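Work through these exercises with the model open beside you. Try each task before you read its solution.

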Amino acid sequence: MDAMPSQPAHVNDRPQDWDSRYSGAGATGVSWYQPEPEMSLALIDRLGVPESAPVIDVGGGASLLVDRLLARGYTDIDVLDLSLTALEIARCRLGSAAPVRWLHEDILTWQPDRRYALWHDRAVFHFLTKAIEQAKYLTIMRRTLGDSGALIIATFASDGPERCSGLPVARYDPGDLERLLEGFTVVVSGREEHVTPDSVVQPFTWIAATRGGAQLPT
């Protein structure tokens, strides 16, 4: 399943840099690569997201999360990323018959055409270092989830890297993220120490929450 926007915009005005990182290092050489998205899958299980629920992976790029969700029987997945190269890697890996929409978009200017039961973001939000960017992101997320739904967000922890891929990042502990999620009920939060392909340890903060404590549809 294919979908492409008419005018993808540019976070940090550097989409070509993200493409070049994937082109140069390959999907398994970039620092955020995970051979298994264990924390994501564990939190999705904890939230009880049904296999028929619409799911969006924000910044999913070439991540293997979409593969694992498909293998588990999920049938309605959108993957959004600024890098067309990353999306093409995943699309070629899974084939055109996969029930996935590939959205080449800037999250800050994206205009969603539907609502989702789950918003998943591993390592996008922490690149938004300005208050206006963070506010736009949260507004789009809330609008996209509507009055119900769940989210999973992972950022660099407060003792994590100060920069990634040459860009400054914001760092968070669980309390920081919870304060940004007014109207959401936190189900679980925690810490993960991600090991990059170059064996560098990067501490992450994870949070999973539901909007207003709502139960996801079955």
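**Exercise 1. Overview**

How many helices and how many strands are there in the protein chain?

Solution. The model is predicted, so local features need pLDDT of at least 70 and side-chain atom pairs count only at pLDDT 80 or more, while totals for chains, interfaces and linings use all residues. Residues are numbered from 1 along each chain as its sequence is written, and side-chain values use heavy atoms, with hydrogens and water left out.

- Start with the elements. Helices (H or I, at least four residues) and strands (E, at least two) are DSSP runs, numbered from the N terminus. The protein chain has six helices and nine strands.
- Next, burial. Buried means under 20% relative accessible area, exposed over 50%, and partly exposed in between (1.4 Å probe, protein chains only). Of the 218 residues of the protein chain, 50% count as buried.
- Last, contacts. A contact means heavy atoms within 4.5 Å. Among contacts between residues at least 6 apart in sequence, 69% join residues at least 24 apart.

**Exercise 2. Helix α5**

Check the span of helix α5 (residues 131-145). Then find which of its residues are buried.

Solution.

- Take the span. The expected value is 1.5 Å times one less than the number of residues. For the 15 residues of α5 that gives 21 Å, and the end C-alpha atoms are 21 Å apart, which agrees.
- List the buried residues. They are Glu 133, Gln 134, Tyr 137, Leu 138, Ile 140, Met 141, Thr 144 and Leu 145.
- Look down the axis. These residues cover an arc of only 160 degrees, which puts them on the same side of α5. The arc is that of the directions from the helix axis to the C-beta atoms.
- Turn to the other side of α5. Ala 131 and Ile 132 are exposed there.
- Find the packing partners. The buried residues of α5 pack against β4 (118-122), β5 (150-156), α6 (174-180) and β8 (184-195).
- Step past the end. Gly 146 follows α5, and its phi is positive, near 65 degrees.

**Exercise 3. Salt bridges**

How many salt bridges does a search of the whole structure find? Trace some of them.

Solution. A salt bridge is a side-chain nitrogen of Lys or Arg within 4 Å of a carboxyl oxygen of Asp or Glu. The search finds twelve.

- One joins Asp 67 and Arg 93, at 2.6 Å, N to O. Asp 67 lies in helix α3 (residues 65-71) and Arg 93 in helix α4 (residues 84-94), so the pair ties together parts that are 26 residues apart in sequence. Asp 67 is buried at 14% relative accessibility. Arg 93 is partly exposed at 32%.
- Another joins Asp 76 and Arg 114, at 2.7 Å, N to O. Asp 76 is in the loop between α3 and β2 (77-81), Arg 114 in the loop between β3 (100-104) and β4, and the two are 38 residues apart. Arg 114 is partly exposed, with a relative accessible area of 25%.
- A further pair is Arg 91 and Glu 88, at 2.7 Å, N to O. Being three residues apart in helix α4, they are separated by about one helical turn. Arg 91 counts as buried at 14% relative accessibility, and Glu 88 as partly exposed at 31%.
- Now join the bridges that share partners. Asp 76, Asp 78, Arg 101, Asp 113 and Arg 114 form one network.

**Exercise 4. Nonpolar cores**

Which residues touch the most other members of the largest nonpolar core?

Solution. A nonpolar core is a set of buried Ala, Val, Leu, Ile, Met, Phe, Trp, Tyr and Cys residues joined through side-chain atoms within 4.5 Å.

- The largest core has 32 residues; Ile 44, Val 49, Leu 69, Leu 118 and Ile 152 touch the most other members.
- Two or more residues come from each of α2 (38-47), α3, β2, α4, β3, β5 and β9 (201-211).
- A second, separate core of 26 residues includes Trp 119, Ala 170, Leu 177 and Leu 181.
- Zoom in on Ile 152. Leaving aside neighbours within four places in sequence, its contacts include Ser 40, Leu 43, Trp 119, His 120 and Trp 206.

**Exercise 5. Cysteines**

How many disulfides does the count come to?

Solution. A disulfide is a pair of cysteine sulfur atoms within 2.5 Å. The count comes to zero. Cys 92 is exposed at 63% relative accessible area, whereas Cys 164 is buried at 7%.
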